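Good morning, and thank you for coming.

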Amino acid sequence: MDLGLEDKAVVVTGGSSGIGLETARLFAAEGAQVLICARREEVLAQAASDIAESTGGEVRTLSVDVTDRGDIDRLAAVVGDDLGRVDVLVNNAGTGTYKPFLDVTDDELVYGMAINFFAQFRITQRLVPMMIRNGGGVVINVAGETGIRVTAPPFRSSCTGPAKAAEIRFSKVLASELGEQNIRVNCVVPGLVNIKERFAKWEREMAKEELDSEAAAMTRREWGRFIARPNHEWGTPEELANLIVFAASDRASFVNGAVLVADGGEDKS
Ligand SMILES: NC(=O)c1ccc[n+]([C@@H]2O[C@H](COP(=O)([O-])OP(=O)(O)OC[C@H]3O[C@@H](n4cnc5c(N)ncnc54)[C@H](OP(=O)(O)O)[C@@H]3O)[C@@H](O)[C@H]2O)c1
């Protein structure tokens with residue numbers, strides 16, 4: 001299927017790792033002009049060279065903290081100068097804090113809203129004028145399953161869930177408001193996705209220890225017990241990237257304001 005993404009100007013936040021990295025790789029493989037941003041320059045450089053090696057595509061990088069308003073202004077300026085336009089914005093940078101409600105600190109609460117919802121709102125507000133000038137575009141906001149359901153312990157999500165729910169509502173409202181400008185806005189909602197670094201963080205925080213590979217695999221199965229596929233395998237970043245890139249393509253032209261859940265049929269009801 002030709003996705004029609006050749007030469008499209010694409011921005012992927014959090015594009016140096018996990019879901020963002022695989023999304024950027026897939027856009028590059030489709031011939032798009034991709035800019036990835038994240039905080040750590042060396043990880044961005046590694047991601048760009050990895051994508052170049054696997055796809056032959058050239059990816060631009062920019063070090064920004066999406067919780068910093070000055071950095072977001074700089075991102076908008078660089079996108080304008082370097083790409084000249086933006087056809088697709090993937091608001092993917094985000095993170096989760098999973099702790100019992102009474103243990104969540106005020107800093108974690110504020111950061112959770114800042115990196116998840118505020119960053120998506122602010123970046124979209126800076127880049128949408130470019131889309132309007134160019135006759136349209138697509139925004140994909142990456143949220144998370146804690147925004148649509150109460151997740152099974154140990155994923156206690158009083159801190160992250162409301163921020164992810166805000167991203168979903170934001171996407172719906174924007175789709176309605178920007179449709180007349182030929183801008184589609186959809187929200188991709190991942191379930192449990194196996195990203196090495198992220199799982200290591202969860203191990204430390206929730207299992208409260210470092211696990212060897214066998215114990216980690218067992219823990220993943222246990223935590224993923226509601227995923228409805230063989231061995232309760234978690235999703236992969238590539239599986240999420242496939243959905244994001246399809247939703248961003250003209251092949252999904254009638255998909256707007258949608259909440260696209262990719263969670264392997266996870267259900268604990
Ligand atoms: N993995 C899952 O199971 C899962 C489940 C539900 C939802 N999600 C959502 O999916 C999205 C991607 O998750 P992932 O698991 O692929 O994440 P990941 O592998 O941890 O990658 C996160 C990316 O965001 C960047 N980033 C983090 N904080 C940033 C900041 N303040 N400013 C700019 N960039 C920042 C990271 O690079 P730097 O650290 O260098 O900045 C990295 O490129 C997130 O929104 C996450 O909440 C993931």
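Helix H1 makes the greatest contribution to the shell around the ligand, supplying three residues. Please keep in mind throughout that this is a predicted model. H1 spans 18–29, and helix H6, at 196–207, likewise supplies at least two residues of that shell. In total, 30 residues surround the ligand. The closest are Gly14, Gly18, Arg39, Gly94 and Gly144. Sorted by class, the shell comprises 13 nonpolar, 11 polar and six charged residues.

Let me now turn to the sheet. Seven strands form an open sheet with parallel pairing, and their order is E3-E2-E1-E4-E5-E6-E7. Which strands stand at the edges? They are E3, residues 59–63, and E7, residues 259–262. Each has a single partner strand, so one side of each is left without a neighbour in the sheet. From one strand to the next, the twist averages 15°.

Helices pack on this sheet. Helix H3, residues 69–83, touches strand E1 (9–13), strand E2 (33–38) and E3. The direction of H3 makes about 160° with that of E2. Helix H8, residues 237–248, also packs on the sheet, where it touches strand E4 (88–91), strand E5 (137–142), E6 and E7. The direction of H8 makes about 165° with that of E6.

Is E6 largely enclosed or left open by the rest of the structure? Eight of its eight residues are buried, and E6 is therefore largely enclosed. Ile183, Val185, Cys187 and Val189 point one way from the strand, whereas Arg184, Asn186, Val188 and Pro190 point the other way. The buried residues of E6 thus include a charged one, Arg184.

What does E6 pair with? On one hand, E5 and E6 pair in the parallel sense over six bridges, with Val138 standing opposite Arg184 in E6. The chain passes from E5 through helix H5, residues 160–178, to E6, and this β-α-β crossover is right-handed.

Thank you for your attention.

Terms used
Residues are numbered from 1 along each chain as its sequence is written. This is a predicted model: local features need pLDDT of at least 70, side-chain atom pairs count only at pLDDT 80 or more; totals for chains, interfaces and linings use all residues. Two strands pair if DSSP finds at least two bridges between them. Helices (H or I, at least four residues) and strands (E, at least two) are DSSP runs, numbered from the N terminus. Axes are lines fitted to C-alpha atoms, for helices over the stretch in contact, and angles run from 0 to 180 degrees between N-to-C directions. Two residues are in contact if their C-beta atoms, placed from the backbone, lie within 7 Å. A residue is buried if 20 or more other C-beta atoms lie within 10 Å of its own, exposed if 12 or fewer, and partly exposed in between; C-beta atoms are placed from the backbone. A crossover is right-handed if, with the strands pointing away from the viewer, the path from the first strand over the helix to the second runs clockwise. A residue is near a molecule or strand if its C-beta atom, placed from the backbone, lies within 6 Å of it.
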